[in-house]
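Please examine the sequence and the structure shown below. The paragraphs that follow lead through selected features in turn.

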Amino acid sequence: MNSFHRTRILTLSLLALGARAFSEDAKLPDIKVDPAPLPANAASYAPMVEKVAPCVVTISTSRNVKVRDNPNLNDPFFRRFFNIPDEEDTLPGRGQRRGNEKGDGKKQKQMMGLGSGVIVSAEGHILTNNHVVEGADDIVVTIGFEKHEYKAKKIGADPDADIAVLKIDGAKVQPITFTDSDRVRVGDVVLAVGNPFGLTRSVSSGIVSSIGRSNLRMAKYENYIQTDASINPGNSGGALVDVEGRLVGINTSIFSRSGGNEGIGFAVPSNLARGVMESLITRGRVVRGFLGIGLQEVTEELAKAFKISADSGALINEVQPNSPAQKAGIQTGDIVTDINTRKIDGPRELMLIIGSMAPGAKVEVKVLRDGKEKKFAVDLAERPPTAIAGEPQPKQDQDPDVLDGVTVGDLDAEARKEFKVPADVKGVVITKVEPDSPCADAGLKAGDVVLEIEREPVTTSKQAVEMSEKLKKQKKVLLRVSTKGETRFLIVERKE
């Protein structure tokens with residue numbers, strides 16, 4: 001027997017002896033097992049999570065994009081400057097589309113991202129954030145761990161509050177219960193339920209860190225609930241609930257230097273989200289109260305200049321002609337301190353209060369004028385949309401107007417600050433672009449400044465409306481636009 005075989009036999013023998021010794025001496029430790037579930041009165045969020053989780057859905061979005069070999073061909077001005085025909089034109093003498101020759105111009109589905117939503121009605125209505133579904137051509141909803149996908153219809157959206165309403169049909173759903181978010185207190189325990197990074201039905205806990213957060217420049221109407229419950233990408237549109245499983249808010253965003261959760265998250269209060277939803281469902285748009293004033297913060301320097309001691313309130317820097325404020329006697333230079341006896345800390349709070357009221361509501365406005373208090377009774381009007389060619393209308397037999405779907409405003413100090421428009425840029429600022437509009441197809445976005453329409457300068461929204469009315473039946477309109485200080489021409493083309 002060679003040495004290898006002897007060594008192998010010896011090793012196996014030792015293993016056998018070790019196994020025999022182990023089996024003779026080893027004993028299982030005396031452990032205790034209690035398989036019973038936690039008692040009903042034990043501290044656990046599990047029963048609440050079991051109730052809430054089926055109300056939270058996953059939302060996936062996609063859009064159809066044109067794919068071109070040469071990215072410069074995306075720019076209408078580039079094509080016009082070099083006399084390149086549009087995609088719809090045929091090449092002279094060739095009898096075929098330029099897009100086909102180049103292998104470009106075809107639409108492909110491009111995935112946009114994942115988000116969350118909250119089922120709020122037995123009919124299948126879903127609340128989510130506008131930024132989750134904005135620009136999407138297709139919206140798909142999945143419930144829990146189901147594999148079945150439901151195609152969602154977009155009922156409406158309000159970018160000013162970052163809320164959107166969807167609806168799915170044919171699903172057996174479990175709607176969530178709302179609570180009165182005005183009664184939420186700092187220190188209340190809350191849970192965030194959503195789909196961060198696509199991880200379905202993830203739950204994190206925390207407390208309400210603050211209420212009434214504003215001036216974050218994330219939306220026009222800001223009244224956020226701040227929480228330290230973990231909120232990450234994919235949580236947007238999900239539920240922030242209290243310990244009873246009632247909806248406190250719609251998770252919206254985080255404040256982060258790294259891009260991940262750092263314990264500062266924000267949610268749109270359920271009362272605000274519910275009001276927007278009800279208006280979108282019943283009216284097809286959001287209706288808000290309107291005073292007709294421009295506002296700015298009362299700084300320490302301004303307080304001295306106006307000879308007042310207060311550092312709160314909102315300074316009126318403009319009163320629009322024929323507005324409710326002007327009719328009531330309110331003037332430029334007045335400082336609003338109270339609305340219906342509620343103290344006003346700044347412009348954002350005032351705008352939020354007025355915006356949450358219905359047109360026709362009567363409000364008492366208290367102001368400081370030359371250091372003296374004055375009170376005015378004001379009948380609110382409906383906040384008017386300032387649009388180049390109005391809001392998109394239902395499809396009619398006639399061709400749509402070329403500039404339908406873009407809304408503009410005057411480039412005042414607040415707009416410059418909000419959209420970071422340089423002081424030397426003069427025009428009208430785009431505040432909203434409907435996703436499925438010619439202007440969106442041309443690449444226009446909120447924050448762009450329209451400098452010229454058909455080579456004619458525009459400086460006020462009224463002027464832009466008047467010019468667009470004259471051009472609305474044209475197939476193409478040439479615009480000169482400034483984006484973040486960079487100027488370019490582009491062509492808006494009416495859809496056929």
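Predicted model: local features only at pLDDT ≥ 70, side-chain atom pairs only at ≥ 80, totals over all residues.

Arginine 274 forms a salt bridge with glutamate 278, and the closest N and O atoms are 3.0 Å apart. Glutamate 278, at 38% relative accessibility, likewise counts as partly exposed. Both residues belong to helix α6, where four residues, about one turn of the helix, separate them. An α-helix has 3.6 residues a turn, so residues three or four places apart point the same way.

In total, the count of salt bridges comes to 15. Another of these pairs aspartate 334 with arginine 369, with 2.8 Å between the closest N and O atoms. Aspartate 334 is located in the loop between α8 (324–328) and β18, while arginine 369 is in strand β20 (residues 362–369), so the pair ties together parts that are 35 residues apart in sequence. Both aspartate 334 and arginine 369 are buried.

Strand β20 also contributes lysine 362, which is paired with aspartate 379 of strand β21 (residues 372–379); the two are 17 residues apart, and the pair links distant parts of the chain. Which of the categories, exposed or partly exposed, applies to lysine 362? Its relative accessibility is 64%, and lysine 362 therefore counts as exposed. Aspartate 379, at 44%, counts as partly exposed. Elsewhere, salt bridges link Asp158, Asp160, Arg288 and Arg383 in a network.

The contacts of leucine 127, leaving aside residues up to four places away in sequence, include Ile163, Val165, Phe178, Ile250, Ala273 and Met277.

Helix α9 (residues 347–355) is largely enclosed by the rest of the structure, because eight of its nine residues are buried. The buried residues are Pro347, Arg348, Leu350, Met351, Leu352, Ile353, Ile354 and Gly355. Their covering includes the strands β15 (289–290), β16 (293–297), β17 (314–319), β18 (335–339) and β19 (342–343).

Burial also occurs in a loop. Asparagine 195 is found between β9 (189–194) and β10 (202–213). With a relative accessibility of 1%, asparagine 195 counts as buried. Beyond residues up to four places away in sequence, asparagine 195 touches Val56, Val57, Thr58, Gly115, Ser116, Thr200, Arg201, Pro233, Gly234 and Asn235.

Where is empty space left inside the protein? Rolling a probe the size of a water molecule over the atoms shows where such space is left. The structure holds one cavity of 30 Å³ or more, and the largest cavity contains about 40 Å³ of space. Residues lining the largest cavity include Phe419, Lys420, Val421, Pro422 and Val425, together with Gly447, Val449 and Ser482 to Gly485. By class, this lining has five nonpolar, four polar and two charged residues.

Definitions and conventions. Residues numbered from 1 in each chain as written. Heavy atoms only, no water. Buried < 20%, exposed > 50% of the residue type's maximum accessible area, 1.4 Å probe, protein only. Contact = heavy atoms within 4.5 Å. 1 Å grid on protein atoms, 1.4 Å probe; cavity = no way out; pocket = protein on both sides within 12 Å on 5 of 7 lines; lining within 4 Å. Points joined across faces, edges and corners; volume = space filled by probe spheres on them. Nonpolar A, V, L, I, M, F, W, Y, C, P; charged D, E, K, R; others polar. Salt bridge = Lys/Arg side-chain N within 4 Å of Asp/Glu carboxyl O.
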